[in-house]
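User: I am new to this structure. Please show me how to read its features one at a time.

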Amino acid sequence: MRGLATALAFWLTSILAAAAQVQGVELDAPEPMPAFELSDQLGKTFTQDDLRGQWTIVMFGFNSCPDVCPFTLGNLEHAIGETAMRVRPDNVPKVVFVSVDPARDADYVTEYAQYFHPEFRGVTGARDQIDTLITATDSFYRLLKPDADGYYEVQHSSAVSVIDPEGNLRAKLQPPFDAGMTAEFLARLQIKYRKEKS
Amino acid sequence: MMFRPAILAALLLPLPAFAGDVMVSDAWVPTAPPSAPTHAAYISLHNHGSEPRVLVGVSAEGYGMVHLHESKESDGVMTMTMLHQIEIPAGGMMMMKPGGLHVMLMGPKAPLAEGATVPLVLEFANGDKMPIEAMVKPRVPES
């Protein structure tokens, strides 16, 4: 029993030590994305087909998030800039911000995302379509109960999903999205992917 | 020299905001998308006194509602919690920062302009009210 506790403590310590360094976690096996349909504020659709042909980073959030979402989007913008210096231009991931709060965000979700980078996409959609993508990327969100003023909080996963040019989930990136380390992780992931394919 | 160093320093520095022994060392509002329904403010306070002080609220004329908030990550999920008070220990400080303690400014009456200031009033448990100005500036990405 004592041995088990020691082993567990050691395991936990190693994980915590690694977590302080690791910006991304690779999946053991790539996970294909199911069919879904979301759209931007102008009605342009975003489906599983848009995940093909380039690397994509999918982030879940909501526009009323004053602290963490802008922080993450700003850090991702910086990380993508760093990545662009390490990979070919056509391998720079496209960032897609998916609002899990369509009731409040449907009319603004695209301009919100593009404020952080003109090439970021902002999309949302029907609850079941959002849930499909949430489940497929092993993510989480929850809309909390509204207060007396009708205001409600939203909880959501802090990690973002990295999807390969064949539309398979390959890795999750974790905050704080240090620009250099995130770029390094993405560049290595792409090298490994190309080796697999060659 | 007639001046004691602390007094000299006070004469040389721009006039800081005070409420009793509490001093603001930093106050800023990150630029946000024009349609953003909420803004954040990050304030750092020093308590130079010998008694703890308690921040119980912030009011802002330019907003519909203001909350004290804390973002926390637990098991990979980000959660914001509303706080009813934040204590600043005697001789200590309270620092707000992205991903942690922050002021949530809801329902802005106008979009933010970089370089402008947002007037805020800090409210303390002892009834002190402290008007401050938070500078609007871009977020500096983590690096």
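User: Is the crossing of H2(A) and H6(A) left-handed or right-handed?

Analyst: The crossing of H2(A) and H6(A) is right-handed. Keep in mind that the model is predicted.

User: What else describes two packed helices?

Analyst: Two packed helices are described by the angle between their axes and by the distance between the axes. Here H2(A) and H6(A) pack at an angle of about 50°. Their axes are 8 Å apart. Angles of 65 to 115 degrees count as roughly perpendicular and those under 35 as roughly parallel, so H2(A) and H6(A) are oblique to each other.

User: Which residues of H2(A) and H6(A) meet?

Analyst: H2(A) brings A:His78, A:Ala79, A:Glu82 and A:Thr83. H6(A) brings A:Ala179, A:Gly180, A:Thr182, A:Ala183, A:Leu186 and A:Ala187. The residues of this contact divide into five nonpolar, four polar and one charged.

User: Now the sheet. In what order do its six strands stand in chain A?

Analyst: The order is S1-S10-S9-S4-S5-S6 in chain A. The sheet is open, and its pairing is mixed.

User: Which strands stand at the edges?

Analyst: Strand S1 (24-32) and strand S6 (121-123) of chain A do. Each has a single partner strand, so one side of each is left without a neighbour in the sheet. Neighbouring strands of this sheet are turned by 25° against each other on average, direction ignored.

User: How do S5(A) and S6(A) pair, in the parallel or the antiparallel sense?

Analyst: Strand S5 (residues 94-99) of chain A pairs with S6(A) in the parallel sense. Three bridges join the two strands. A:Phe97 stands opposite A:Gly122 in S6(A).

User: What does H2(A) touch when it packs on the sheet?

Analyst: H2(A) touches strand S4 (56-61) and S5 of chain A. The direction of H2(A) makes about 170° with that of S4(A). H6(A) packs on the sheet too, touching S1, strand S9 (160-163) and strand S10 (168-173) of chain A. The direction of H6(A) makes about 155° with that of S10(A).

User: Let us turn to the two chains. How many residues of chain A are in contact with chain B?

Analyst: 30 residues of chain A are in contact with 27 residues of chain B. On the chain A side, helix H2 (68-84), helix H4 (109-116), strand S8 (154-157) and helix H6 (179-197) each supply at least two residues. The largest share, seven residues, comes from H2(A). The residues of this side divide into 13 nonpolar, 10 polar and seven charged.

User: How do S8(A) and S6(B) pair?

Analyst: S8(A) and strand S6 (residues 77-83) of chain B pair in the antiparallel sense over two bridges. A:His156 stands opposite B:Met78 in S6(B).

User: What does A:Gln155 touch?

Analyst: A:Gln155 lies in strand S8 of chain A. Leaving out residues up to four places away in sequence, A:Gln155 touches A:Tyr141, A:Arg142, A:Leu144, B:Val77, B:Met78 and B:Thr79. With 17 C-beta neighbours inside 10 Å, A:Gln155 counts as partly exposed.

User: Why is S9(B) largely enclosed by the rest of the structure?

Analyst: A residue is buried if 20 or more other C-beta atoms lie within 10 Å of its own. In strand S9 (residues 101-108) of chain B, six of the eight residues are buried, so the strand is largely enclosed by the rest of the structure.

User: Which strands pair with S9(B)?

Analyst: Strand S3 (residues 38-47) of chain B pairs with S9(B) in the antiparallel sense over four bridges. B:Ala40 has B:Met104 as its bridge partner in S9(B). Strand S5 (residues 63-74) of chain B also runs antiparallel to S9(B), joined by seven bridges. B:Val66 stands opposite B:Leu105 in S9(B).

User: Last, the backbone. Where is A:Asp138, and what is its phi?

Analyst: A:Asp138 lies in the loop between helix H5 (127-136) and strand S7 (141-143) of chain A. Phi of A:Asp138 is near 55°, a positive value in a residue other than glycine. In chain B, B:Asp75 has a positive phi of about 50° and is not a glycine. B:Asp75 sits in the loop between S5 and S6 of chain B.

User: Are A:Asp138 and B:Asp75 exposed or partly exposed?

Analyst: A:Asp138 is partly exposed, with 14 other C-beta atoms within 10 Å. B:Asp75 has 8 C-beta neighbours inside 10 Å and counts as exposed.

User: Which residues does a cis peptide bond join?

Analyst: A cis peptide bond joins A:Pro175 and A:Pro176, with omega about 10°. A:Pro176 is in the loop between S10 and H6 of chain A.

Methods
Residues numbered from 1 in each chain as written. Chains lettered and ligands numbered in written order. Predicted model: local features only at pLDDT ≥ 70, side-chain atom pairs only at ≥ 80, totals over all residues. Contact = placed C-beta atoms within 7 Å. Nonpolar A, V, L, I, M, F, W, Y, C, P; charged D, E, K, R; others polar. Pairing = 2+ DSSP bridges. Axes fitted to C-alpha atoms, helices over the stretch in contact; angles between N-to-C directions. Parallel < 35°, antiparallel > 145°, perpendicular 65-115°, else oblique. Left-handed = near helix turned anticlockwise from the far one by under 90°. Buried ≥ 20, exposed ≤ 12 C-beta atoms within 10 Å, placed from the backbone.
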